[in-house]
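Please read the following explanation with the sequence and the model side by side. It goes from the metal sites to the ligand, and then on to a sheet and its helices.

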Amino acid sequence: MATLKSEDERLHALKQLRLLDTPPAESFDRITRMASQLFDLPIAAISLTDSDRQWFKSRVGVDHWTIPRDRAPCAEVADTSGSLVIPDLMEHPSYRGSLLARSGIRFYAGAPLTTREGFCLGAMCVLGPEPRQVSQQEQAVLIDLAAMVMAQVELQHAFGRVDAITGLPNRHQLLEDLHDQAATGNGGLRHLALVEVMDALKMSDALRVLGVGVIEDLMREATRVISSNLGLSTQVYHVGAAQFAWIVPSFHGEAMFEDRLGNLAGTLHNHLSSAPVRIALNPVIGVAPLAVGQHLAEDAIRMAHNAAQEARLTGHSVSTYSMVADDHHRRRFRLLSDMRTALVSGQELSLVYQPRIALSTGDCIGAEALLRWQHPELGAVSPGEFIPLVEQTDLAGPLTAWVMAEAIRQIVAWRNMAIDLAISVNVSVANLDQSEFATDLIGQLRKAGIRPSAFEIEVTESALIKNRMHVEEQLRAIRSAGIRVAIDDFGTGYSSLSYLRHLPADLVKIDQSFVRDLADDPKGQTLVRHLIEMSRGLGFRVVAEGVEDGQAYEILRAWQCEEAQGYWMSPPLAPADLQHWLTTRVSSRNEAA
Ligand code: C2E
Ligand code: MG
Ligand code: MG
């Protein structure tokens with residue numbers, strides 16, 4: 001008989017393997033079937049010895065999953081760690097009155113299931129209704145089968161199924177468990193919850209700045225918080241770098257459930273953000289229905305992940321999967337992957353140019369280059385849709401590089417036709433994050449023989465505010481080379497008044513939302529007039545975007561706004577159309593004069 005201490009350790013080892021009360025698995029059932037066939041006996045089982053019961057991980061020929069540990073032969077195998085053969089239970093003083101004997105079993109043979117560390121978990125056993133003998137060869141076979149079971153246990157537990165950092169079962173294990181549950185048809189509607197502790201961008205930043213060790217500590221801490229919040233009965237899986245998932249067995253009212261998850265997200269946020277490494281984390285949780293047997297397991301993980309992304313995009317901490325949002329994701333994913341090819345061939349991309357008019361003279365003095373994408377199947381895709389996606393990926397650099405090169409090529413072509421326009425190009429903040437951006441741009445202009453003052457870059461106000469430090473340095477370098485910098489969508493980014501004084505820019509482009517309905521909007525008028533006055537007072541040149549009618553044009557001119565851009569003068573035009581527009585405009589103005 002094992003000592004008390006070692007029985008505790010044995011039970012702990014058994015629990016660590018997370019085998020008890022798990023669904024049946026084909027990998028174990030295969031061995032049990034083989035045992036029954038080799039011994040030509042109706043009953044075989046992989047029987048694990050828990051504190052007060054024998055629990056069958058796999059069984060053939062019995063209907064129940066568990067019998068009491070008391071007077072179970074398998075329990076003796078676990079206690080002694082040795083094989084046990086009982087040719088006739090009715091003849092055995094201890095087992096004559098056992099549950100097995102009473103239910104008609106006469107023969108038992110069991111071989112110990114022993115871990116590498118020497119803990120015996122239970123027995124691989126075969127049973128029959130008649131008394132029987134066991135040959136030495138058969139004993140050896142049973143021991144071999146027990147070894148196969150243990151090989152499977154170890155394989156399942158360690159090999160590629162456990163995360164080395166957190167010790168939690170990983171994505172492969174979750175997939176396998178979901179498959180096993182689907183196979184048994186166990187349970188009806190369940191849910192899969194997935195928490196993303198930090199998004200991929202933040203993760204890669206954190207890895208770069210803080211190093212792997214700190215992130216690993218953070219993931220272990222996240223494991224502790226999640227496991228203790230969910231309780232021992234919930235198995236948590238570590239399914240991605242900063243992602244954890246678990247199966248939610250039943251739903252007690254959706255609202256309450258979401259509240260609980262919201263609390264978990266909040267606890268994680270507070271706990272991890274107060275850790276010694278102060279990373280501002282924003283954990284989000286996605287929930288996907290898991291109608292067991294209907295969805296592929298991979299699909300369930302994907303849907304929960306999408307729901308988590310949806311939560312992130314919409315600024316919530318918890319989101320439940322919806323098909324509409326999923327369609328959205330598929331489209332976004334497709335746009336991003338197709339943009340990658342479009343940038344290589346360049347064939348689907350083009351630039352259009354929207355004239356900028358000096359309000360004091362009415363002359364066209366420049367144009368803004370705007371990207372167009374004609375997708376072969378989806379048709380024209382608006383930059384309003386694909387730019388925000390691209391900006392979050394490594395395509396931001398190649399996209400701006402394509403736009404820059406194309407704009408420079410066009411400026412040179414126009415110069416050869418004696419068309420001299422200052423061209424502005426939109427750049428995203430991800431571009432300015434690249435340390436070589438300013439030098440590259442300056443070098444390209446110099447190579448093409450373009451005066452820096454004929455080129456301008458536009459950065460949105462909101463991007464600037466979010467990433468002040470990185471960006472300002474680049475903007476300073478760009479401006480000191482004589483290239484002008486414009487703050488785009490000005491007025492929508494809520495820069496503080498004190499920040500405005502130091503805005504690293506030459507001009508501001510008042511956002512079209514303030515300008516579009518200017519003539520009919522007295523409050524808007526007050527706002528725009530003050531924006532113009534203030535910006536001019538601070539030394540910025542002022543451009544109004546979205547001028548859609550003659551009244552707005554006249555109002556802006558009266559208020560000494562310097563430039564205007566909008567449909568009233570011209571929509572964005574293909575280069576040849578712009579050339580045509582310029583000629584007809586000059587001749588009609590000459591006629592008028
Ligand atoms: P944006 O830079 O503020 O560009 C002005 C947008 O307003 C353009 O939309 C233009 O077509 C539209 N617009 C011009 N006049 C009027 C008007 O009178 N009324 C109204 N309602 N709209 C007017 P578009 O071309 O769809 O571009 C949308 C946004 O996409 C741009 O806003 C810019 O932020 C971004 N974008 C476009 N091309 C590029 C690019 O090459 N690179 C980057 N990073 N962003 C780009
Ligand atoms: Mg712009
Ligand atoms: Mg704008």
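Which protein donors hold the magnesium ion (ligand 3)? They are D488 (OD), D489 (OD) and E545 (OE), which lie 2.1 to 2.4 Å from the ion, where donors are N, O and S atoms within 2.8 Å of the metal (3.2 Å for Na, K and Ca), and where sites may look incomplete because water is not among the atoms. This is a predicted model, in which local features need pLDDT of at least 70 and side-chain atom pairs count only at pLDDT 80 or more, while totals for chains, interfaces and linings use all residues. Residues are numbered from 1 along each chain as its sequence is written, chains are lettered from A and ligands numbered from 1 in the order in which they are written, and side-chain values use heavy atoms, with hydrogens and water left out.

Along the chain, the donors of the magnesium ion (ligand 3) follow the spacing D-D-x55-E. D489 lies in strand β17 (residues 484-490) and E545 in strand β19 (residues 541-545), so this pair ties together parts that are 56 residues apart in sequence; helices (H or I, at least four residues) and strands (E, at least two) are DSSP runs, numbered from the N terminus. D489 is partly exposed, with a relative accessible area of 26%, whereas E545 is buried at 7%; buried means under 20% relative accessible area, exposed over 50%, and partly exposed in between, with a 1.4 Å probe and protein chains only.

E368 is buried, with a relative accessible area of 3%, while N426 counts as partly exposed at 28% relative accessibility.

What surrounds ligand 1? There are 21 residues around ligand 1, the closest being Q354, D488, Q512, E548 and Y567, and a residue is near a molecule if one of its heavy atoms lies within 4 Å of it. A polar side-chain atom of E548 lies 2.5 Å from a nitrogen atom of ligand 1, and a backbone N or O atom of L371 lies 3.1 Å from a nitrogen atom of the ligand.

R516, placed in the loop between α19 (512-515) and α20 (522-537), is partly exposed, with a relative accessible area of 31%. Leaving aside its neighbours within four places in sequence, R516 is in contact with G546, E548 and D549, contact meaning heavy atoms within 4.5 Å. R516 and E545 are 29 residues apart in sequence and 8.2 Å apart in space, C-alpha to C-alpha.

The next region to consider is a sheet. Six strands form an open sheet in the order β3-β2-β1-β6-β5-β4, with antiparallel pairing, and two strands pair if DSSP finds at least two bridges between them. The edge strands are β3 (66-68) and β4 (84-86), each of which pairs on one side only. Strand β2 (residues 53-60) is joined to β3 by three bridges, and W55 stands opposite T66 in β3. Helix α2 (residues 26-39) packs on the sheet, touching β1 (43-49), β2 and β6 (120-128), and its direction makes about 80 degrees with that of β2; axes are lines fitted to C-alpha atoms, for helices over the stretch in contact, and angles run from 0 to 180 degrees between N-to-C directions. Helix α3 (residues 73-80) lies across β1, β2, β4, β5 (107-114) and β6, running at about 145 degrees to β6.

Within this sheet, S47 lies in strand β1 and is buried, with a relative accessible area of 0%. The side chain of S47 makes a polar contact with the side chain of Q54 (2.6 Å), a polar contact being a pair of N or O atoms within 3.5 Å; within protein, one must be able to donate a hydrogen and the other to accept it, and residues adjacent in sequence count only if both atoms are side-chain atoms. Not counting residues up to four places away in sequence, S47 touches residues including W55, C74, L113 and L121.
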